[in-house]
Amino acid sequence: MTDAAGYGSHPLRTWVSETLDSAVFARAFTLAAFGAVLSSFAIQRLSGGVVYATIVAGLCLVGAAILVRRRREVNLVRLLPSTLVLFVAWLLVTTVWSSDRGETLSGWGHTAALAFLGIVVGHVRDTLQTARALGDVLRVMLAISLGVEVLSGILLDMPFRFLGVAGNIALGGPVQGVFGTRNMLGFIAVIALITFVVEWRTTSVRRGVAIFSISLAALMALLSASPTVFVLALAVAAATGALDLIRRTPEPRRRPLQAALAGVVVVGLTIAYAFRHLIIGLLNAGSDFATRAELWDTILVYVRVRPVQGWGWFGPWPVQEFPFVSINIITTDRHASALNAYFDVLLQAGWVGLLLFLVMCGIALVRSWLVASARRSVVYAWTPLVLVTLLVDSAFESFTLSGFGWMLLTVCLVRAGLSRSWRERMRSAEEAEGSGELPHDARG
């Protein structure tokens, strides 16, 4: 726009400059980024990993161009959450003692690329705009998943092995859609429910669209038959109720209520751990938990060998590398992750990495929770509820460390950092001094 002259007077340069700076292009980029990452399993099954890597690399280049064009709106301090920088930097450091530096650099590159996409989305879109874009992509992906399952299980009555679709919808599930596993579908369906309800409560979409979206997400969550869906739904419901209670409480009484709720959470987690076997039996998840328990016990053996630094960051396990190949031999399985994000970080990045990960997520959750407690708009509840989903699901799967889960976590970290931190105070001070910078939330 006003800086177009800085790119030269050529019409093409002016058009590129104005396009990169436009709200329409920012929305298109957000849709493309979410769509590509959510479709990663299908893309890799249909076209291969190289195609998917090329798409991600291309999006990163476009994202970099957007940030360069909007460089007057952001600076390096605001751009990168410090805890995220420390965590990603430590993952890179683990290359030094990795058994395969090439694989580690590749895994770190994928992690860093998706984090970068999340950072760009978090800066070019505000919370409501992010939720709206994600909602549009989730509607399409869940509808495609349902269509594929109906085609496979009812119309053609044959599995689509190239997509890992077993065609069990006629039996009531489990189904996995185009996401690879039923647990991944269940996780995405819960995220979709949160997003669709926020869209409905903020009247961002028509009532009919909201009802269809919520019904679709609930149906896919049930058809997934994932034992983690009930746990995630219960955790989100409890967090929603607690947040609503705090928002209705007069401000002078909120702090002691927050402390009391934090105590309830600690006690609840302790009780859940003490009665974990009973809970697992009620969820009919005994075989799944037994598999996880055996895997985690084996992982702890290797953690004791390198407790501080870990074995090097790979992300999803390269099953031919040590110690993953050894773990799979002992458990007589072909695990591609620790089935627990915290154990995965502990194994690959050691106690240092796990501490950084917990601090990073904990700070973001506290910040976003306090913002949602203080501000009246329901849209501010999206970030803490998504974070609760990610952190609870991390106890059963490693989705938070790669792919869509990792990108979504990064978006939440950025939104939490911009909404309540020293960065916000810095921005307010600069605006008070007449810097002339416009917060990106005010953009269209």
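Q: What share of the 444 residues in the protein chain is buried?
A: Buried residues come to 50% of them, where buried means under 20% relative accessible area, exposed over 50% and partly exposed in between (1.4 Å probe, protein chains only). This is a predicted model, where local features need pLDDT of at least 70, side-chain atom pairs count only at pLDDT 80 or more, and totals for chains, interfaces and linings use all residues. Residues are numbered from 1 along each chain as its sequence is written, and side-chain values use heavy atoms, with hydrogens and water left out.

Q: How many helices and strands does the protein chain have?
A: There are 19 helices and 0 strands, taken as DSSP runs numbered from the N terminus (helices H or I, at least four residues; strands E, at least two).

Q: Why is helix H17 called largely enclosed by the rest of the structure?
A: Count its residues: 11 of the 12 are buried, so H17 is largely enclosed. Among them are Trp382, Pro384, Leu387 and Asp393.

Q: How do you know what span to expect for H17, residues 382-393?
A: The expected span is 1.5 Å times one less than the number of residues. H17 has 12 residues and reaches 16 Å from its first C-alpha to its last, close to the expected 16 Å.

Q: Why is leucine 151 called partly exposed?
A: Its relative accessible area is 34%, so it falls between the buried and exposed limits. Leucine 151 lies in helix H8 (residues 127-155).
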